[in-house]
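Here is a friendly tour of a protein chain, from its overall build down to its aromatic rings. Please keep the model open as you read.

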Amino acid sequence: MRKTPFVTREKLEEIAAQIPTPFHIYDEKGLRENIREIYKAFSWNPGFREYFAVKAEPNPAILQVLKEEGCGCDCSSLTELMMAKAIGNTGDMTMFSSNDTPPEEYVYATDMNAIINLDDFTMIESYARAVGKFPKTMCCRYNPGGIFKVSNGIMDSPGDAKYGMTTSQLFDAFKILKENGVENFGIHSFLVSNAVTNDYYPMLAKLLFELAVELKEETGCHITFINLSGGVGIPYKPGQEKNDIMAIGEGVRKAYEAVLVPAGMGDVAIFTEMGRYVTGPYGALVTRAIHEKHIMKEYIGVDACAVNLMRPAMYGAYHHVTVMGKEDAPLTNMYDIVGSLCENNDKFAIDRMLPKIDMGDLLYIHDTGAHGFAMGYNYNGKLRSAEVLLHEDGTFDMIRRAETPKDYFATFSNLSIYDKLIDEAGWKE
Ligand SMILES: *Cc1c(COP(=O)(O)O)cnc(C)c1O
């Protein structure tokens, strides 16, 4: 499948005239349509809810759009909980799926009546010590160990993952929680990341449904939801086939009918905590070509760098690049597209065939809507970029301003020196 930007060059130039590059831009229309499709795929399950993984794109304006489409928040830290609370996602609209959890975060999550997902058996005691008593509803995270294989060779090794409880710990946890007054139980598991296959959720669902039946039979616990968590992937590369969410929903329904319904558990709600699949394709990093360099290789230097999008540097991840206005031009030149960090892995693309790039061209780096801006950092004293939300009618809002030097220095103890330098340079905030 050909990868095309969700915005035109003219629109990006219009935006860039007000909000200098680099910036991440998000497509509200695509985002809403996608989330409606997800809800349609699981409409057979009356209790279905997507808890968007806030870590994938932690911007309250995006969380608000998702909330309007019925999504809750999946949080794993104090500040993520605070964002969920700020947009009104308290109570069962927030899932707290943390690990290695500081006690004060359990207290905060419990105060906002979020659903607590315990990552480990020892967390039962940690939670009790932090909070005092257990809420009526609790969830436990499961790790089956070993290797988990899905079709087309996609797999992961839960046995090497730090998350979740073993099978026997999970049974013990349910018994202990029940003895301590918990009435409603959930099971959560996350086994494969970026699974570009329609099999992952159905296979995970079958495993968890069978486990749920055993748990109910052995412990008598009332299991009210099963949380399939995240991991549903997106096609970063052209030619990769996109997941079919309707087929995924149908696959989960079949497992539900085959396993849960016969066990008298036809009232169990399905929850998901997708991040990448929800926002990934509906974000892009927009950056401008500012330098070219001709040595052993051909380099294009852009005004963004790895602090704005870490995935290529960190995992060697592929992100498709479109040179705006040259969508149909022949791919005549091989480039490394690089940022300005003093790090040789600061490359958005390596040996990439692209149309001839001229200085000033806008480059559109695809699929940065999840784990893009979110993984940003300040290495080399670089500042985080702005974020822009493109509305359906073509208007746009800056939903996060770019950082300024003042932000970077804000945690220093001797602020006045830096304020003076900023004043001297005549920078506006
Ligand atoms: C990261 C994460 C997610 C989202 O994962 P994606 O791969 O973006 O779908 C969901 N749940 C938990 C607990 C996570 O840590």
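**Ground rules.** This is a predicted model, in which local features need pLDDT of at least 70 and side-chain atom pairs count only at pLDDT 80 or more, while totals for chains, interfaces and linings use all residues. Residues are numbered from 1 along each chain as its sequence is written, and side-chain values use heavy atoms, with hydrogens and water left out.

**The whole chain.** The protein chain holds 13 helices and 19 strands (DSSP runs numbered from the N terminus: H or I of at least four residues for helices, E of at least two for strands). Its radius of gyration, taken over C-alpha atoms, is 23 Å, close to the 22 Å of the globule rule (2.2 Å times the number of residues to the power 0.38) for 429 residues, so the chain is as compact as a globular protein of that length. Along the principal axes, the C-alpha atoms fill a box of roughly 70 × 55 × 40 Å. Of the 429 residues, 52% are buried (under 20% relative accessible area; over 50% is exposed and in between is partly exposed, with a 1.4 Å probe and protein chains only). The exposed surface comes to about 18,800 Å², with 52% of it supplied by carbon and sulfur atoms (Shrake-Rupley method, 1.4 Å probe). Among contacts (heavy atoms within 4.5 Å) between residues at least 6 apart in sequence, 69% join residues at least 24 apart.

**The barrel.** Eight strands close into a barrel in the order S2-S3-S4-S5-S6-S9-S10-S11, with parallel pairing (two strands pair if DSSP finds at least two bridges between them). From one strand to the next, the twist averages 25° (axes are lines fitted to C-alpha atoms, for helices over the stretch in contact, and angles run from 0 to 180 degrees between N-to-C directions). Strands of a sheet pair through backbone hydrogen bonds.

| Strands | Bridges | Partner residues |
|---|---|---|
| S4 and S5 | three | Phe96 and Ile116 |
| S6 and S9 | five | Cys140 and Ile187 |

Strand S9 is largely enclosed by the rest of the structure, because four of its five residues are buried. Helix H7 (residues 167–179) lies across S5, S6, S9 and S10, and runs at about 165° to S6. Helix H8 lies across S9, S10 and S11, running at about 165° to S10.

**Aromatic pairs.** The model has 19 aromatic pairs (rings of Phe, Tyr and Trp, the last by its six-membered ring, with centres within 6.5 Å; planes under 30 degrees apart are stacked, over 60 edge-to-face and the rest tilted).

Tyr408 and Phe409 form another edge-to-face pair, at 5.6 Å centre to centre and 75° between the planes. Tyr408 has 30% relative accessibility, so this residue counts as partly exposed.
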